[in-house]
Every structure is written in structure tokens, then in C-alpha cells.
Amino acid sequence: MVAKSWMYDAIMYLYALSLLFYFSDFVGKSRRAKQTGTGLLAFVWVLQTLFFFMRASSLQAPAAFSMFDSLFFYSWLIVTLSLALNFFMRMDLFLLFINLVGFAVSALNFFSDEYVSPLLARWDIQDELLFVHVSLAIAGYAAFTVSAVLCGMYLILNSKLKRKKWDATAKRLPNLKSIETGAYLCVLFGTPLFVSSLVLGVVWIVLTGENRLLLDPKVLNSLIIIAAYGFYLIQRIARRKPGSTLVRWNLAAFAFVVANYAIFNWVSQFHQWIWR
């Protein structure tokens with residue numbers, strides 16, 4: 001059972017990483033990112049197939065009569081079709097969204113299975129779901145933080161250049177384009193991780209039956225964060241706004257990230273445990 005639990009985690013993490021690279025390819029037209037995402041998705045398919053045979057061999061009743069196995073087969077088909085479509089035609093936006101659906105179905109299915117054995121005996125399966133949710137959120141927070149720091153560096157260097165103050169500090173900083181590109185790549189990395197985390201959080205709410213928590217201040221602010229960084233990415237990719245404008249929008253989006261962690265944890269109905 002412990003082996004199966006680790007397989008659950010591996011499938012979810014690899015699935016999330018695959019979405020990250022597909023998202024990167026969609027917004028940045030990166031062939032390497034698409035190939036990496038496809039490779040990770042193929043490995044997810046291998047693990048899903050292996051898990052399917054392991055579970056089938058351990059079941060005494062036909063798997064077709066199990067809701068868990070029906071949903072698992074559904075998510076396996078999504079991955080299979082995604083890989084097939086990716087091989088025969090170019091449908092980047094479709095692949096991104098269909099795999100986001102597959103990720104949500106897999107999360108809901110895995111973490112609602114009463115026979116899943118968690119990694120720690122004192123955990124129930126919803127605790128393990130929260131562990132994956134929190135770890136993805138923290139990874140997203142980290143990426144957004146690095147991006148914000150780079151934006152701060154951009155503003156400092158830009159100010160020095162405007163005042164023609166080429167001092168030792170300015171000489172040690174990268175050029176403006178490199179700083180802004182780094183900030184953009186961090187947002188590109190953090191946004192799909194944060195979206196994946198929010199998806200798992202919503203799955204946890206659904207599993208606990210506390211649908212009122214969908215209107216929790218932290219959930220709503222998380223949606224604002226996604227919208228803010230989505231707006232930044234649109235302006236960066238489609239509108240091609242100047243770097244100084246972009247970094248200010250980036251920092252404005254990060255203000256919601258700070259509020260999400262430092263303020264909304266206090267008023268949230270189910271995140272107070274973070275402060276214990």
C-alpha cells in the first residue's frame with residue numbers, strides 16, 4: 001500500500017509538472033518546453049498504466065463496477081488521447097485545458113479513494129491531499145517571490161540609468177532586459193503551479209462537503225492572484241508593454257500574494273492551522 005501511495009504522489013506531481021511545461025509552451029512557443037511536457041505526460045501514462053494493472057491484479061471484483069476505476073480509466077483515456085493528438089496535430093490550447101481537466105479528475109479520484117494508504121499512518125487521505133496542495137502553493141509563492149525581487153532590481157537599475165548614476169551597485173546588476181526576462185520566466189513557472197494548487201484545494205473542499213468554503217476569502221483572493229498574473233502575462237506576450245510598466249504590474253500582482261499569505265490566513269475559515 002505504501003508503494004501505491006508513492007505512485008499516487010508521483011503521478012500527481014509529474015502531471016502538475018507536465019501542465020507547467022505545456023503552459024510554458026503555450027505562452028512562449030517553446031519547442032523544448034512542449035517536448036519536456038510531453039515526456040512527463042508520457043511518464044504519467046506509464047505510471048497510470050502500471051497502477052491500473054497492479055490494482056486490477058489485486059481486485060477480486062471486476063474493475064468496471066468500481067467508480068474509482070471508472071474515473072481512473074477516464075483520466076487514463078484523457079492522457080492517452082492527449083499524447084495521440086500531440087503526435088498527429090498541433091492543438092496547444094486544447095491540450096493545455098484538457099490535461100487540466102484530467103489533472104482535476106485524477107486528484108478528485110485518487111484522494112477520495114478510501115483504500116489509499118497514506119505515507120504516514122496518522123494521516124488520512126485528505127491530509128495527504130492538503131500536503132500536495134500546500135507544497136504546490138509554496139512552490140508557486142517561491143516563484144512569484146523571486147520574480148518580485150527581480151522586479152525590484154529592475155526598478156533600482158532603471159532609476160540609476162535615468163539619473164546616469166553608474167555606480168558599483170549598477171555595475172553588479174544584470175542588464176534590464178535580462179532582469180525583466182527572468183521575472184517573466186518565474187511568473188511563467190509559478191502560475192501553473194499555483195493554479196494546480198488551487199485545483200487541489202477546491203478538490204479538498206468538495207471531498208469534505210464544505211462547499212461554503214468555496215467563497216472563503218483566501219479562495220477568492222487566490223482567484224484574484226491568478227487573474228492578476230494572467231493579466232500580466234497577456235500584457236507581456238500579446239501587448240508587448242515596456243519593461244518598466246510590466247514590472248510594476250508584476251509587483252502589484254505580488255501584493256495580492258503577500259496579502260494571501262500574511263492577511264487572509266487570519267480571516268480564512270480553514271487556513272488558520274498554518275499559523276499554529
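Reader: In which helix is Val206 found?

Author: In this predicted model, Val206 is found in helix 7.

Reader: Why is Val206 called partly exposed?

Author: The relative accessible area of Val206 is 43%. Buried would require under 20% and exposed over 50%, so Val206, at 43%, counts as partly exposed.

Reader: What makes the nonpolar surface patch, and which helices supply at least two residues of the patch each?

Author: Leu108, Val202, Val206, Leu214, Leu215, Leu220 and Leu223 make the patch, which covers about 560 Å². Residues of a patch need over 30% relative accessible area, and Val206 has 43%. Helix 7 (176-208) and helix 8 (217-239) each supply at least two of the patch residues.

Reader: Why is the pair of Tyr15 and Phe103 called edge-to-face?

Author: By the rule for aromatic pairs, the count comes to six. For Tyr15 and Phe103, the ring centres are 5.9 Å apart and the planes stand at 80°. Pairing asks for centres within 6.5 Å, and edge-to-face for planes over 60 degrees apart; the pair is therefore edge-to-face.

Reader: Which parts does this pair tie together, and are its two residues buried or exposed?

Author: Tyr15 lies in helix 1 (residues 2-28) and Phe103 in helix 4 (residues 92-111), so the pair ties together parts that are 88 residues apart in sequence. Both Tyr15 and Phe103 are buried.

Reader: Which residues form an aromatic cluster?

Author: One aromatic cluster is formed by Tyr141, Phe144, Phe194 and Tyr229.

Reader: What is the pattern of the chain along the sequence?

Author: The chain has 10 helices and zero strands, and reads α-α-α-α-α-α-α-α-α-α along the sequence. Of its 276 residues, 45% count as buried. Among contacts with a separation of 6 or more, 74% are between residues 24 or more positions apart. The accessible surface comes to about 14400 Å², and 70% of that surface belongs to carbon and sulfur atoms.

Reader: What is the mean pLDDT of the chain, and where is the pLDDT below 50?

Author: The mean pLDDT is 77, with 78% of the residues reaching 70 or more. Residues 61-65 have a pLDDT below 50, and this stretch has two contacts in the model beyond near neighbours in sequence. Over residues 116-123 the pLDDT is also below 50, and that stretch has 17 contacts beyond near neighbours in sequence. Where pLDDT is low, predicted coordinates should not be read in detail.

Note on methods: Residues are numbered from 1 along each chain as its sequence is written. This is a predicted model: local features need pLDDT of at least 70, side-chain atom pairs count only at pLDDT 80 or more; totals for chains, interfaces and linings use all residues. Side-chain values use heavy atoms; hydrogens and water are left out. Patches are made of residues with over 30% relative accessible area and no salt bridge: like charges are joined within 9 Å, nonpolar side chains (Val, Leu, Ile, Met, Phe, Trp, Tyr) within 5 Å. Accessible areas come from the Shrake-Rupley method with a 1.4 Å probe; for residues, only the protein chains shown count as cover. A salt bridge is a side-chain nitrogen of Lys or Arg within 4 Å of a carboxyl oxygen of Asp or Glu. Helices (H or I, at least four residues) and strands (E, at least two) are DSSP runs, numbered from the N terminus. Buried means under 20% relative accessible area, exposed over 50%, partly exposed in between (1.4 Å probe, protein chains only). pLDDT is the predictor's confidence in each residue, from 0 to 100. Contact means heavy atoms within 4.5 Å. Rings of Phe, Tyr and Trp (its six-membered ring) pair if their centres lie within 6.5 Å; planes under 30 degrees apart count as stacked, over 60 as edge-to-face and the rest as tilted.
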